Amino acid sequence: MADETATLAAPPQDSRSETIAFVIGAAGWLVPGLGHVLMKMWGRAAACFLTVGILVILGTAMRGNVFSSSGSDAFDSLGYLADLGTGTFYFVARSLETKGPDVSHAGGDYGTRFLAAAGVLNLLAALHAYEAARGRKA
Amino acid sequence: MNFGIGFKLSHLQSMMLFALLISIAFGFLSRRRPIDRVKYIVWSLFLFLLIGVGIGWAMYPFSR
């Protein structure tokens, strides 16, 4: 009976820690490095913020393609998902790229890759923060 | 470049910059001790460049 009570009492705490971990992961996605800041992992937070930020700034400066939700094919949609991975930095990229993309040169093509890589890297970092918050080895 | 910086990157410079940034991020995310991070960053950067240049040379015969 006592074991049964303990088993029944456990889920709310698990659920709470799982919610906190999810919030930390979501924060890490919205603002690169914020998830690690909440976990007090300062070095990783700085590295995530700077690398994602530099990739986004370089990508837009090289006139890479910042995809929008109105993509016409699967590659545009995948590019949009990758770009969205940068969280709020996606809107920074859109506001910085006033002249629009120019992928007729190698620089623009590289810029597109830089932006997509920034998004995927930020998703990886957010997942890392989520796993660390769940108590997995990080 | 777009907002008045006024410099252009070559293919090699772009690849090196990309490799460096991604290596730093991977090093910080996957290793805890500073010395391990430095080793991982250097090794990852070396492999990025080696494989990038290797694939470039492998594609050379088909470029014309």
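Okay, let's start on one helix: in α1(B), the buried residues are B:Ser14, B:Leu21, B:Ile22, B:Ser23, B:Ala25, B:Phe26, B:Gly27, B:Phe28 and B:Leu29. Buried here means 20 or more other C-beta atoms within 10 Å of the residue's own, exposed means 12 or fewer, and partly exposed is in between, with C-beta atoms placed from the backbone. Helices are DSSP runs of H or I with at least four residues, numbered from the N terminus.

A quick word on the model. It's a predicted one, where local features need pLDDT of at least 70 and side-chain atom pairs count only at pLDDT 80 or more, while totals for chains, interfaces and linings use all residues. Residues are numbered from 1 along each chain as its sequence is written, and chains are lettered from A and ligands numbered from 1 in the order in which they are written.

Back to our helix. α1 of chain B covers residues 11-30, so 20 residues, and it spans 28 Å from first C-alpha to last, close to the expected 28 Å, which is 1.5 Å times one less than the number of residues.

What do its buried residues pack against? That would be α3 (42-61) and α6 (106-133) of chain A, together with α2 (34-59) of chain B.

Let's take α6(A). Its axis and that of α1(B) are 11 Å apart, at an angle of about 5°; axes are lines fitted to C-alpha atoms, for helices over the stretch in contact, and angles run from 0 to 180 degrees between N-to-C directions. The two helices are therefore roughly parallel, the word for angles under 35 degrees. Among the residues making this contact are A:Phe114 and A:Leu121 from α6(A), and B:Phe18 and B:Ile22 from α1(B). By "contact" I mean C-beta atoms, placed from the backbone, within 7 Å.

Now A:Phe114. Skipping its neighbours within four places in sequence, it touches A:Leu55, A:Leu58, A:Gly59, A:Met62, A:Gly64 and, across in chain B, B:Phe18.

Then there's B:Leu9, in the segment before α1 of chain B. Is B:Leu9 buried or partly exposed? Partly exposed, because 19 other C-beta atoms lie within 10 Å. Again leaving out neighbours within four places in sequence, B:Leu9 contacts A:Met62, A:Gly107, B:Ser14 and B:Leu17. Its C-alpha is 17 Å from that of B:Ile22, 13 residues along the chain.

Key. Two residues are in contact if their C-beta atoms, placed from the backbone, lie within 7 Å. Angles under 35 degrees count as roughly parallel, over 145 as roughly antiparallel, 65 to 115 as roughly perpendicular and the rest as oblique.
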